[in-house]
Amino acid sequence: MVPCWNHGNITRSKAEELLSRTGKDGSFLVRASESVSRAYALCVLYRNCVYTYRILPNEDDKFTVQASEGVPVRFFTKLDQLIEFYKKENMGLVTHLQYPVPLEEDDACDEPEEETEGILSPPELPPRNIHLSAGPCEAKEVPVSNDNPRATEVSRPSLSETLFQRLQTMDTSGLPEEHLKAIQDYLSTQLTLDSDFVKSGSCSLPHLKKLTALLCKELYGEVTRTLPTLESLQRLFDQQLSPSLRPRPQVPGEANPINMVAKLSQLTSLLSSIEDKVKALLHEGPESSHWRSLIPPVTFEVKSESLGIPQKLQLKVDVESGKLIIKKSKDGSEDKFYSHKKILQLIKSQKFLNKLVILVETEKEKTLRKEYVFADSKKREGFCQLLQQMKNKHSEQPEPDMITIFIGTWNMGNAPPPKKITSWFLSKGQGKTRDDSADYIPHDIYVIGTQEDPLGEKEWLEILKHSLQEITSMTFKTVAIHTLWNIRIAVLAKPEHENRISHVCTNNVKTGIANTLGNKGAVGVSFMFNGTSLGFVNSHLTSGSEKKLRRNQNYMNILRFLALGDKKLSSFNITHRFTHLFWLGDLNYRVELPTWEAEAIIQKIKQQQYADLLAHDQLLMERKEQKVFLHFEEEEITFAPTYRFERLTRDKYAYTKQKATGMKYNLPSWCDRVLWKSYPLVHVVCQSYGSTSDIMTSDHSPVFATFEAGVTSQFVSKNGPGTVDSQGQIEFLRCYATLKTKSQTKFYLEFHSSCLESFVKSQEGENEEGSEGELVVKFGETLPKLKPIISDPEYLLDQHILISIKSSDSDESYGEGCIALRLEATETQLPIYTPLTHHGEMMGHFRGEIKLQTSQGKKREKLYDFVKTERDESSVPKSLKSLTSQDPMKQWEPANRVPPCSGSSITEIINPNYMGVGAFNYMKQTPSPDQQPTAWSYDQPLKDSSLGPGRGESPPTPPSQPPLSPKKFSSSTATRGPCLRTQEPRPGDVGKSAGEPLPPEDPQLTKPEMFENPLYGSVSAFPKPAPRKEQESPKMLRKEPPPCPDPGILSPSILLSKAQEAEGSKGTGKPAPAPTPFLSPTPRLRSFTCSSSTAEGRPPGGDKGSPGKSKAPAGSQVPVPAKRPIKPSRSELSQQPPAQRPPLPVKSPAVLHLQHSRGRDYRDNAELPHLAKHRLEDAPPGRAAMQ
C-alpha cells in the first residue's frame, strides 16, 4: 500500500499548495522528482516556506537525502525507512518531519466512463474487410456538374493544351531531340485518337504503344540481346546447385545482380504505371480533379473605378505562367498583363472586406496602384492565395518561407468511413471555409487525427492517399503514422518536401482508467521542417459532461509526459519545444446546460445562434480561467456542434441514450477541436476552421482547420561547421523574475536555443520578497553573454531563446518562457518580457533588457510579406469600447502605433516586418505592479498602457495585454509597426465579465449595417454588438489619423472617449495612466474571412464623432476625398438580396470574450491604438486575476 505522504507525479506547484494549506511547521510530502528520473523530492513546510530536498538512488537502489553540508550521508533501502529516520530532530533538515500531508480525494477518480461500454482492452485485430475504393473507372464515374459555379470562373484548356503546357514547364534539356518530337506529335494528333478508343469502351491504347515502342527501341534491342544470356546463366547456376555438383561461389563483378533486378523491375512497373495513368486520364477527360496540381487559370469578376465611373473587369490568374491578365470582358482579348515580377504587393482593405489594392510596376519602373472590388471577401481571399502561390512558385528563393498545413480530426465512431471523404480535405462544409478557387492549391502537409478508428494503419493510409490524389493528383509521402489503441495520427507531405523533413519522432500517453488503458489518451508526431520545429498532438479525452475536471487532468498528464521533439529540451514541456504546436482531437468538452434545455439548444442550432451556446462551452470557460490550454489559440467557431448526431444524417442530434443506469443525455457539443500555440513573432494564420456536412457514418462530424505557417531554412554558416561567429552576441541586462512560489531556495537561469552551441547556465540570482507573497529573483548584470553560432541577421533575427529558471537545490524548473530575437533595432538595449509557465500553469514573469549584436547584413523580405493590409481612413473612437470589451481573449495583442498628426498618410500600408526604427527610449525605472517593462511575450500582464514592448513570448489567444512600445514618435516610423505576433495571453483577462453590457453611449453599434459575410452571405440584421468580422480579425482593425492632441493631455498610444477613460480609470481603481509619447506594438492582422474594421458596420463615411474624417493628410497616397462620394458600400457590392441566405449566427459578449484565438500574423498590422486589443483600462477584472 502506498503511504499517504507519497503523492507520486504531482507537480511542484501542487505540492506547495497542499503544504501551504496545512500551515503547520514540519508538514511534509514526497513526490517524484521533475529533474532526475527514479528520484524523489521531499518537500517540507517551515515558517510558511517550502524546502525541497532531493532523494537520489545510488547504483544499489539505496536512497539518500541531499541535505545541508556537514551532515553525514546515510543510505536507506526503502523510502519508509528514510522518512522514519528524518522524523527525528536535528538530522540535517530545516526541521524534522512531523505531519504527513495525505493524498487528496480525487473526485474524478477511475470510474468507468459513460461511453466506455466495456472497452477495457485494445482491439485484437481491426477488421480488414473494408472496401477501400472502387476501381479506376468506378472511382471517377461522377462527372463534373455543368452547373458548378466554379465552371464559369475557371478557363479549362483542352487536354492537349494542358499537357503541352505541362511539358513546357518541365526540364527537357536531357531528352534526345527525336524523343521529344515524338512526344509532341503524340500530344498534338494521336492523343485524341486514343481518347476515342477509350470512350468507345476499348482498353487498348494503340498510339501510346507505338510511342513507347519508339522511345524504348534501343532499350528493347538491348534487353532482347541480354535476356538469353541471363536465361543461360540461370540454367548454368541451376546445374551447379544440383546435388551432384558442388556450388561454386559467385565471383563479384561490376554488374550487381540486385541492382539489375531493381532496374528491370522499376522499368516494367514504370511502363505499366504510364499506361494506367493515360487510361485514367483519357477516361476522365481534361476536367479531372487529378490535374488540379497543375493549377488552371482562374478568372475573377471585379469592379474598378475609372474617373469616378465604375466598370466591370475580368482578372485572370495564370499561376503556371506567372501572369495576371486584365480583360474588359470574359471572352474578350487581353487588355493588359503583368508578370509575377511586376506584381509588387497585394493590399487588403480593412473597411471593405472585398476590396483589394494591387501595386504593380510599370515599364517605366514606376509603381501603379490599382484598386478592385470583388464579389465577396472569400473571392478576394481566393485571389490573394492564388497570387501568393504564383509568387511562391516562381520565387528565386531555393527554400520556402511559408507552408500551408491541413489539420483534420474525426471521431469515426468505430465505423468504416464512406467511399468519398474529399470534402474534408477541401475544407468544405460549415464554418470558415475556403473559396472554390483555392481547391487547386494543395497543402504542403496534411495531419489527420482519428479517434475510435476501426481500420488498420495500412488501410487508413491507402484511403488517405487515394483521397488526396483524387483532389491533388499527387502521391503524398508518409511522414509518420502512430496508433494507441483506436487513437491514431497520420502525417503526409508533398513529395518535394521529403528531403526537408527530418528528426521525426512519435510518442503516446495513456489516460484511460488508472492511466494504464489506451482507450483514452494522446498520440503525437514531431519533426523538423528545414529549420522549423513542428509538433502535432491528437488526443481523446475522458467523455461525460460531468467529467470536466478529469479532462483537465488528462490534458495536464499529456502535457507532462508526451515525449516529443528535441531531447535536449527535457526541462521544457511540449508547449515550448516547437515553433508551431497544433493540438487536435475529440477533447470531449461539452456545452454545460441543463438537460431539459435540449430542445431549446436544438432550436438555437437550427437558427445558427451559436453565441449563447458557446458561452457555456466547457473548454472556453476552462481556458478563460487558465485551467487548460494556457496561451493556446483557437479560431472562432462558426459551425454547428459536431456531436452527437444520428448516424447517416446531419439533420438530427441524438442527445439521449438509454443505459443500464437510466437515460443518459449527450447535449449537442463542440467536442472536436483544433488549437495551436506558436513562438512569439512568427507568422501563423488560420485560414479555415469548420466541419463537413456530407460525412455521416459516425455520430461525430469531421473537423478541419488550415494554417499558413512561417518556416525558416537550414541556414549554413559562412565560417564552416564547428566555428563560433565572434561578431554575434546576445546580452541580457537588468533582468529579474517574479515567481509565485513559497520555496526557499536559490535560483539560476538556463538559456537554450538552436542558435547556441549548447545551453548556457547563469550564476545564482538574489532573492527579494515581492508583493502579494511573490518572490523576486534579480540577476542584475551577472548574466552571461551568449555567443550565437551564426551572426548573420537573416538567420539570427528568426531565432528564439528559451529561458528556464531553476532551483539550485533540486535543479527543478520553476518556470519557462520564450524570447524572440526579432528586434526592432540591434546594438540597442530593448525591454523584454515573457510569462513563465510550468506544466501548463502560470508561474510568474521574466523581465529585463536585451542587446543584440549581429554581423553586417540585411534581412530580406519574406514571401508571406507579399500580402499586407491597409489602414482605412475613417474610424470611430467610440467603437473601441464595444470592440475590445467584447473580446478579452484578444487583449494581449499589442496596440498599434499612432502616427503623428503632421504629415501622416491616411492610407498607409501596415507591414511590421524588419523595419528600421529610431532610438528606443524606454523607461529606466524599475517597473511597479502597474508599470512594468514591456516586451513581446505570450502573456503580457495588463499594465500601464504607456509602456512599450520588448521581445518575448507571444500570447496566443488567451487574454493578455502586452505593454505598449516605448518608442518615441517620429515621422519615419509612424507609418510602420513592428512585426508583432502577440505575447502569451493571460487567461485572467479572458475572465472579464462575459456578460458586460454595451455602453449606452454606443447605441448605433447594436444594429450596424450588415455587409456580406463570406461564410453565410448577406444578412439584413446583425443582432450582436459588433460585426463578427471585427471580432475575429484583431489584425485588420483600422484607424484614422486623430487630430493633433496636446501631448500633455492625451497619450498618442491610445485614443479613448471620455466615457471610456472614466470607465477604465474606475475599473482599475487608479487614475488613467499618464500620457507618454510612446509607440505601441501593432496588432496582428487576421486572414481574409476574419478581417474587418471597426467601422465596418457603418456607412463608408464613418461616424459623426470621428475626428479627422473630413480631411486627409497631405501625404496620403490616394486622393480619398475624390473617391469617397462614389465608394460603394459592402451591401451594394454583394449584389445579392439578404433574404436569400441564412442569417448570421448571433454572438454574445461572452463568446466574443472567449473566441479569442486568432492566427497571429505579424506581417499585417493595424496601427491605430483605439482599435488595439483589450486595454487595461477596459478590463479591470482580468487584472486582478493576472496579478
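A residue counts as buried when its relative accessible area is under 20%, and as exposed when that area is over 50%. By this cut-off F629 is buried, because its relative accessible area is 1%. The model is a predicted one, and the values given here should be read with that in mind.

**The chain as a whole**

The chain holds 25 helices and 37 strands, and of its 1187 residues 59% count as buried. Among the contacts in the chain with a separation of 6 or more, 75% come from residues 24 or more positions apart. The chain exposes about 47500 Å², of which carbon and sulfur atoms supply 53%.

**Aromatic residues**

A search of the whole structure finds 29 aromatic pairs. One of them joins W583 and F629 in an edge-to-face arrangement, with the centres 5.2 Å apart and 80° between the planes. W583 lies in strand 21 (residues 580–586), whereas F629 lies in the loop between helix 16 (618–624) and strand 22 (656–659), so the pair ties together parts that are 46 residues apart in sequence. Like F629, with its 1%, W583 counts as buried, at 1% relative accessibility. Elsewhere, F406, W410, W424, F425, Y446 and F476 form one aromatic cluster.

Helix 5 covers residues 177–199, and its 23 residues reach 32 Å from the first C-alpha to the last, which is close to the 33 Å expected at 1.5 Å a residue.

S160 is found in helix 4 (residues 159–169), and with 16% relative accessibility it counts as buried. Leaving aside residues up to four places away in sequence, S160 touches L187, L191 and T192. With L187 there is also a polar approach, since a polar atom of the S160 side chain lies 3.1 Å from the backbone oxygen of L187.

| Residue | Relative accessibility |
|---|---|
| S160 | 16% |
| W583 | 1% |
| F629 | 1% |

Notes:
Residues numbered from 1 in each chain as written. Predicted model: local features only at pLDDT ≥ 70, side-chain atom pairs only at ≥ 80, totals over all residues. Heavy atoms only, no water. Helix = DSSP H or I, 4+ residues; strand = E, 2+ residues; numbered from the N terminus. Buried < 20%, exposed > 50% of the residue type's maximum accessible area, 1.4 Å probe, protein only. Contact = heavy atoms within 4.5 Å. Areas by Shrake-Rupley, 256 points an atom, 1.4 Å probe, with all protein chains shown as cover. Polar contact = N/O pair within 3.5 Å; in protein donor to acceptor, adjacent residues only side chain to side chain. Expected span 1.5 Å × (residues − 1). Phe/Tyr/Trp six-rings, centres within 6.5 Å; stacked < 30°, edge-to-face > 60°.
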